[in-house]
Amino acid sequence: MNNIMRVACGILLSTLLAAGLINSADAALNDRGGISLGNTRVIFNEIDRGVSVRVINTAASPFLIQSWVDNYHGQGGWEKTSQLAQGTFVVTPPLFRLDKGENSVLVRRAEGSLPIDRESVFSLNVKAIPQTAKPDPKSNYIQFAFVNSIKLFWRPVGLAGNPSEAYKQLTFKRLGDRIVADNTSAYNITIKTLSVGGTAVIDPDNRMVPPKGTQSWPLPAGNRGHVTYTTITDFGGLTLPLTTTLQ
């Protein structure tokens, strides 16, 4: 394999991982099954000593599992792009072998200060490295590792309001060629579907509306009228559609 091919393969793999297009390792092993998580998101209440997440292997071959927590890197512009300070959260076990079946990782809060008047969001990352046979030293090969990333919400005690009702506090306004959502609650709100005057906004779920903050999307051309939206609940389900005015 020449250098151009190696670079191309590296770029392709990085792109797929960043886009979340590879979600398990069955492509690498060509087995039926792979690695998945028992949660689509994690709610870590401050009063809890830790939160457990199931890691499930449905493939016939084992994987090496590595887990860690990092800052949430989203597309909305307000998320942190830096690495999370080491030791803010601790995941145990950080590294283990997982044969067919399941095990759990435990996320615990360790040190550092976080806002006490609003929810904070992070990413829980679980990397799966498949078992491979020892390669022929004369051959060229690529070792794949697959990362599952889900949102981890740190929820301090004493926050005002009910998190299941927070999405009802959103208000929307037009600002030039964009629609802006204002979140007055203390909770992160993930919008799943969003439409203005019956026309859908493209990929609204790429961006969360931060607590006590705003988020914006391109406004469908020429659309006025009511806004209809759904959001994702703590359990990964969808709220009922809610319709409100566009200010």
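The model is predicted, so local features are reported only at a pLDDT of at least 70 and side-chain atom pairs only at 80 or more, while totals for chains, interfaces and linings use all residues. Residues are numbered from 1 along each chain as its sequence is written, and side-chain values use heavy atoms, with hydrogens and water left out. The protein chain has an average pLDDT of 83, where pLDDT is the predictor's confidence in each residue, from 0 to 100.

**Confidence**

- A pLDDT of at least 70 is reached by 81% of the residues.
- Over residues 1-31 the pLDDT stays under 50, and the model has 35 contacts for them beyond four places in sequence (a contact means heavy atoms within 4.5 Å).
- Where pLDDT is low, the predicted coordinates should not be read in detail.

**An open sheet**

- Four strands form an open sheet in the order β1-β3-β7-β5, with antiparallel pairing. The edge strands are β1 (35-37) and β5, each of which pairs on one side only.
- From one strand to the next, the twist averages 25°; axes are lines fitted to C-alpha atoms, for helices over the stretch in contact, and angles run from 0 to 180 degrees between N-to-C directions.
- Strands are DSSP runs of E with at least two residues, helices are runs of H or I with at least four, and both are numbered from the N terminus. Two strands pair if DSSP finds at least two bridges between them.
- Strands of a sheet pair through backbone hydrogen bonds, either parallel or antiparallel.
- Seven bridges join strand β3 (residues 51-57) to strand β7 (residues 101-109) in the antiparallel sense. Ile56 has Glu102 of β7 as its bridge partner.

**Salt bridges**

- The whole structure contains six salt bridges, each defined as a side-chain nitrogen of Lys or Arg within 4 Å of a carboxyl oxygen of Asp or Glu.
- Side chains of opposite charge can pair when their charged atoms come close.
- Glu102 also takes part in a salt bridge with Arg54, at 2.9 Å from N to O. This pair links distant parts of the chain, with Glu102 in strand β7 and Arg54 in strand β3, 48 residues apart.
- Glu102 is partly exposed at 46% relative accessibility, and Arg54 is partly exposed at 37%. Here buried means under 20% relative accessible area, exposed means over 50%, and partly exposed lies in between (1.4 Å probe, protein chains only).
- Arg97 and Asp99 meet in a salt bridge of 2.9 Å, N to O. Arg97 is exposed, at 54%, whereas Asp99 is partly exposed, at 38%.
- In the salt bridge between Glu119 and Arg155, the closest N and O atoms are 2.7 Å apart. Glu119 lies in the loop between β7 and β8 (120-130), and Arg155 lies in strand β9 (residues 146-155), 36 residues apart.
- Glu119 is buried, at 4%, and Arg155 is buried, at 10%. Salt bridges that share partners join Glu119, Arg155 and Asp234 into one network.

**Backbone features**

- Most residues other than glycine have a negative phi, and most peptide bonds are trans.
- The peptide bond from Thr92 to Pro93 is cis, with omega near -10°. Pro93 lies in the loop between β5 (89-92) and β6 (95-98).
- Asp203 has a positive phi, near 45°, and lies in the loop between β13 (199-200) and β14 (208-209). Asp203 is partly exposed, at 47%.
- Lys212 has a positive phi, near 55°, and is found in the loop between β14 and β15 (213-218). Lys212 is partly exposed, at 44%.
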